[in-house]
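Dear colleague,

Please find below the structure that I am handing over to you. My notes on what was found in it follow.

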Amino acid sequence: TVLNPEKAATALALMTNGSAQPFKAKNLEGAWVCVWNAQKNELIEFLPPGYAFQLTDSGFSFQKIGGKDAYNSTHIQLETALPLKHIQKIADQFSCPHHLRAQSGGPLYEVWIESQFLVEFISPEIRQLVYKNPGSLNL
């Protein structure tokens, strides 16, 4: 669950050469997906507040829940071939806090699409920023 599924899907799609699309399903309104390959079902679904998965005999369905959501935090790590400047530009466009993390699981580049949805990008370019100039970073 994210607070703004359209923003989450669109920002991630622009940072990863994906496609953001509204997601239509029975008993579900306001969901979006970031799709990389529809034929292989390579995508991430973003559910809006007020919905949860419900296990059924045929798999699962979406259930509208009453009251306040019990949010959890989610993060994913993706390897990217896109230039870091491209990711930074999109993060700025969507007002997403972002920064290089050289340690504690790094080197990687953090983009906080929402306060509880973190995307960590890794790439040769990002690794090179840390290993080429380790003394210039505030470690």
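Strands here are DSSP runs of E with at least two residues, helices are runs of H or I with at least four, and both are numbered from the N terminus; two strands pair if DSSP finds at least two bridges between them.

Please note that this is a predicted model, in which local features need pLDDT of at least 70 and side-chain atom pairs count only at pLDDT 80 or more, while totals for chains, interfaces and linings use all residues. Residues are numbered from 1 along each chain as its sequence is written, and side-chain values use heavy atoms, with hydrogens and water left out.

The pair belongs to an open sheet of four strands with mixed pairing, in the order E6-E9-E8-E7. Strand E6 (74-79) and strand E7 (98-101) are at the edges with a single partner strand each, so one side of each has no neighbour in the sheet. The chain as a whole contains three helices and nine strands. Of its 139 residues, 35% count as buried (buried means under 20% relative accessible area, exposed over 50%, partly exposed in between, with a 1.4 Å probe and protein chains only).

Strand E9 also holds glutamate 120, which is buried, with a relative accessible area of 6%. Its side chain makes a polar contact with the side chain of glutamine 77 at 3.1 Å (a pair of N or O atoms within 3.5 Å; within protein, one must be able to donate a hydrogen and the other to accept it, and residues adjacent in sequence count only if both atoms are side-chain atoms).

Finally, the whole structure was searched for aromatic pairs, and two were found (rings of Phe, Tyr and Trp, the last by its six-membered ring, pair if their centres lie within 6.5 Å; planes under 30 degrees apart count as stacked, over 60 as edge-to-face and the rest as tilted). The rings of phenylalanine 23 and phenylalanine 62 are edge-to-face, because their planes stand at 80 degrees, with the centres 6.1 Å apart. Phenylalanine 23 lies in strand E1 (residues 19-25) and phenylalanine 62 in strand E5 (residues 59-64), 39 residues apart. Phenylalanine 23 is partly exposed at 22% relative accessible area, whereas phenylalanine 62 is buried at 7%.

Yours sincerely
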